[in-house]
Amino acid sequence: MTLQAAVIPFRGAGKTLEICLIRRKGSGRKWGIPKGFIDRGETPKDAALKEAFEEAGLKGRLVGGPVGSYEYEKWGATLTVTVYLMEVKDEEDDWAEVDLRERLWTSLEEAAELLARHPVQSLIDHARGRLS
């Protein structure tokens, strides 16, 4: 089993609550959330925050423990992703993967629709409960 960490980045509250999704630029591929491998010596929380910054240019703080986890298959292996909620405090215009990725701020409801075929979709209801 290979471990990864991810965040569901959010800002605002109540009716102004928004979630940030990312995808590879120009691919037309489905939207997802910032995620990546947990490097040696890193905690899952450290990795989640690092990936949010590298993939989406977002800085913030994790809120509570993991909202859950999901598995997916890639490279003939099963990857397990631990997902956290991250309150976004700062958003960079220029970040490590700005040329590779685009980000989209959207409502929780629209995010659930855009993630309909993504394995993290099952955690959106958990996120909704924690954020309301």
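Reply: Let's begin with a word: a residue is buried when its relative accessible area is under 20%, exposed when over 50%, and partly exposed in between, using a 1.4 Å probe and protein chains only. Helices (H or I, at least four residues) and strands (E, at least two) are DSSP runs, numbered from the N terminus.

The model is predicted, so local features need pLDDT of at least 70 and side-chain atom pairs pLDDT 80 or more, while totals for chains, interfaces and linings use all residues. Residues are numbered from 1 along each chain as its sequence is written, and side-chain values use heavy atoms, leaving out hydrogens and water.

Now look at helix H1 (44-56). Its buried residues are Ala47, Ala48, Glu51, Ala52, Glu55 and Ala56. They share one side of H1 because they cover an arc of only 140° around the axis, taken from the directions from the helix axis to the C-beta atoms. An α-helix has 3.6 residues a turn, so residues three or four places apart point the same way. From first C-alpha to last, the 13 residues of H1 reach 18 Å, close to the 18 Å expected at 1.5 Å a residue (1.5 Å times one less than the number of residues). Just after H1 comes Gly57, with a positive phi of about 70°.

A pocket is an open set of points on a 1 Å grid where a 1.4 Å probe fits, with protein on both sides within 12 Å along at least five of seven lines; lining residues have an atom within 4 Å of a point. There are 25 lining residues here, and Arg29, Lys35, Tyr72, Lys74 and Arg101 lie nearest the centre. S4 supplies the largest share, 4 residues.

Trp75 is exposed, with a relative accessible area of 65%, and has a positive phi of about 55° although it is not a glycine.

Another loop, between H2 and H3, holds Pro119. Pro119 is partly exposed, at 29% relative accessible area. Between Pro119 and Gly26 there are 93 residues in sequence and 22 Å in space, C-alpha to C-alpha.
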